[in-house]
Amino acid sequence: MAFTAENLAADDRFSAAILHCANQLLAIYRESPRIASIFAAQQRWLMAHAGFALHYGYPGDGKSGLYSGRFIDFAVRNDIASRNTAAAFMQEMLAYRFLEAVPGPDKRTRYLEPTEIAEQHFTRWLLAHMMILDSLDGGERARKVTVDPSAMMAAIQPLIARAIIGSEAVRSPGPTFNLFNWANSGGLVMDYLISRLPEFPRTAERVVIGPMSLRELREQFMISNTHLKRLLTQAATMESVGWTEPSRKGDFWLSGRFIMEYWNYQAAKFAIIDAAAEAVLGPAVHEEPQARRFSSATP
């Protein structure tokens, strides 16, 4: 039986998975900043999922194939982006060679598909999440995916995309999460802040994560000084982040409310991914009481 968001969010052992996930996403970014920038903001992340799912075959949609008109209509209809933003995203993906033109059934339509590097990157994202789920219950999701990564990606990803696009818990888990995740490179900054947590306490009002170098953040995530300061100032005004001393001095802290928004978002996302994996791969492990499924999780 797939994990639910409720039982993931309620178990303290999920904290190790969350911290590991934040570090994995940062590692992917550092290895390939340009393609990983697609995941750096919520809107771009949703558009990327939509594009892949339309290419593979969006569940419940009789049409097939990815082309600009279909993608733009889909993005607008599902409240992901405006027509201009969706069109610009497609052009950017073509310019960066993450999409390429291919022959299609209709010669009047320019069909597109993800390039090999784009598919490899998305498959790595999928495998990272499968490995984390496996660490919680001793399952073999990642191994099953690696038997035929392209086929598994084509089968699993559209199910994930449909559920994510329809999930309020993933798309809007809370005001501070939304602030970071809708800003350019804000999602990466948020992952970095979470990765600095010494632990993931569920009841603490604030958690101190140590000194914070704005210069390091700017250089690492290619974010302007003005944009970064504005982002942190807005979060500080919401009392979601701050420094232990006035004038941005001392150690940096995150509020417990902000941490729990991230926690609940990850629980909802991992539950969606696990449900899609189970639908395609079958149960990860033999059925057993849910309380025991975390017995192999990293403490």
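This is a predicted model: local features need pLDDT of at least 70, side-chain atom pairs count only at pLDDT 80 or more; totals for chains, interfaces and linings use all residues.
1. Gln42 belongs to helix α4, which covers residues 42-56.

2. Is Gln42 buried or exposed? With a relative accessible area of 1%, it falls under the 20% cut-off, so it counts as buried. Setting aside neighbours within four places in sequence, the residues in contact with Gln42 are Val170, Arg171, Asn181 and Trp182.

3. Next, have a look at how α2 (residues 14-31) and α7 (residues 116-137) pack: their axes come within 10 Å and cross at roughly 160 degrees. Angles over 145 degrees count as roughly antiparallel, and α2 and α7 are therefore described that way. The crossing of α2 past α7 is right-handed.

4. Which residues of α2 meet α7? They are Phe14, Ala17, His20, Cys21, Gln24, Leu25, Ile28 and Glu31. On the α7 side, their partners are His121, Arg124, Trp125, Ala128, His129, Ile132 and Leu136. As a reminder when viewing these lists, residues three or four places apart in an α-helix point the same way, because there are 3.6 residues a turn.

5. Finally, helix α15 takes in residues 256-281, 26 residues in total. From first C-alpha to last, α15 reaches 36 Å, close to the expected 38 Å. Of its 26 residues, 20 are buried, so α15 is largely enclosed by the rest of the structure. Just after α15 comes Gly282, with a positive phi of about 90 degrees.

Note on methods
Residues are numbered from 1 along each chain as its sequence is written. Side-chain values use heavy atoms; hydrogens and water are left out. Helices (H or I, at least four residues) and strands (E, at least two) are DSSP runs, numbered from the N terminus. The expected span of a helix is 1.5 Å times one less than its number of residues. Buried means under 20% relative accessible area, exposed over 50%, partly exposed in between (1.4 Å probe, protein chains only). Contact means heavy atoms within 4.5 Å. Axes are lines fitted to C-alpha atoms, for helices over the stretch in contact, and angles run from 0 to 180 degrees between N-to-C directions. Angles under 35 degrees count as roughly parallel, over 145 as roughly antiparallel, 65 to 115 as roughly perpendicular and the rest as oblique. A crossing is left-handed if the near helix is turned anticlockwise from the far one by less than a right angle, and right-handed if clockwise.
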